[in-house]
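Biologist: Before we discuss how this chain packs, could you show me the model and then tell me how the terms are meant?
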Amino acid sequence: MKSRFLQSFLLLLFVLSIPLRAGAQLQAPQNNRKPSGPQVIQHVIIIFQENRSTDNLFHGLPNADTVNSGKNSHGKIIPLTSIPLVSNYDLGHGHPAFVAEYDGGKMDGADRVFVSCRQGSKGCVNPQFKYVQLSDVQPYFDMAEQYAFADRMFQSNQGPSYEAHQFIIAATSAPSATSKLFAAENPLGVPGAPLRTGCTAPPAEFVQLIDPLGQEKLVMYPCFEHLTLMDLLDKSGLSWFYYTPTPNQIWTGPNSIGHIRNGQDWNNVIANPAQVLKDIAKGQLANISWVIPNAPASDHPRENNGTGPSWVTSIVDAVGGSSYWESTAIFVTWDDWGGWYDHVAPPVVNSYEYGLRVPLIVISPYAIAGYVSHVTHDFSSILKFVETVFNLPTLGFGDQYSDDLTDCFNFGQKPRAFRKIAAPLDANYFLNDKTPLSAPDTD
């Protein structure tokens, strides 16, 4: 018996002394422990709606900082009055509109924001000082109260949609990694040319750049070259999809990044927002998904048909009813403030960061129920969250000084069971909708 044991022991020593062949690997023991902390999240969905301030869309949300009135540039107090989500006018929301409303931090210049009223409109009395009636956005309130909401979420940029869609993929709108400039406005189209921009724009198209002094004297073709979050994901073997109704227009951030638009990664840009519902159902959800709405569901003033809350709910309910629920975080935010009044002055860190408040809903089985975050966040915070969850390096842009939104989560809690959000329309409406795909905005 001892002899057999000795023989076996000597054989084991002999085997362990043999060098491994080239390419051979020792198999590590299987680790069956479940991820803990932020790493329990393996899927992140970023839903990017359009043009609403926090005071405008979430007026009266319990525990959130919203107001019933605001001051105009003449020192007059203007009551905020309710309107439907489907308004008959639009407001200016370029960089000059930010400068006017911000007014050096006094937040009293909303009345100087340009208004575009349709002929015969009756809602253009103090049009900037409005909030959306609760009956039109009840699903948003239900999500915010059931999960977490941030009332100090600021858009990263002091301007319109184009730059916002750059910040949400790269934490910057700079044309290069070393540039001291930011793209500051929507690109100016070429009269008579197809509505295309970014790296597919006509040669004469340009975007204005803002310098450290706040001047917009320089312009360039709207095709940039620098790292994005997509590049960090690719390098780490993580999957991503970008769902959009209009791949060649300003609401598709990757369209303005040369190596994405002209490379293999462009295959990850899906020209159909509703495809995200199909991918969830088929078990093909990527690690990171950006979801840009079709125009009618965008919440954009004058451009929407009131289906935005149902659209967002359809995605949330799809995830909640799937195997992805316990490993997913969903961030619902709006790409700019849309020119509406908001009373909270943003922290300004340079000539173009930050802009005004936009809403942020944080949905996850680990989100703190009913929590309202008063921590300063911006679009880069969502990217920082992804970097934290997946142990990615910083891009070195806005994400290097943004927070990571983990105050909205309790990763030590047992994942909460999903409760379906009620909405007027369900996923079938959007899966069968034949409305032509169009951009959420035209300015």
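Modeller: Contact means heavy atoms within 4.5 Å, and please keep in mind that this is a predicted model.

Biologist: With that cut-off, what is Phe 58 in contact with, leaving aside its neighbours within four places in sequence?

Modeller: Phe 58 is in contact with Thr 66, Tyr 140, Phe 141, Ala 144, Phe 149, Trp 334, Pro 359 and Ile 361, so each of these has heavy atoms within 4.5 Å of Phe 58. Phe 58 is also named, with Trp 290 and Phe 331, among the residues with the most contacts inside the largest nonpolar core, which has 112 residues.

Biologist: Why is the set that includes Ile 78, Ala 110, Tyr 131 and Tyr 341 called a core?

Modeller: A nonpolar core is a set of buried residues of listed types joined through side-chain atoms within 4.5 Å, and Ile, Ala and Tyr are among those types; this second, separate core has seven residues. Across the 443 residues of the protein chain, 56% count as buried, and the cut-off for that is under 20% relative accessible area.

Conventions. Residues numbered from 1 in each chain as written. Predicted model: local features only at pLDDT ≥ 70, side-chain atom pairs only at ≥ 80, totals over all residues. Heavy atoms only, no water. Buried < 20%, exposed > 50% of the residue type's maximum accessible area, 1.4 Å probe, protein only.
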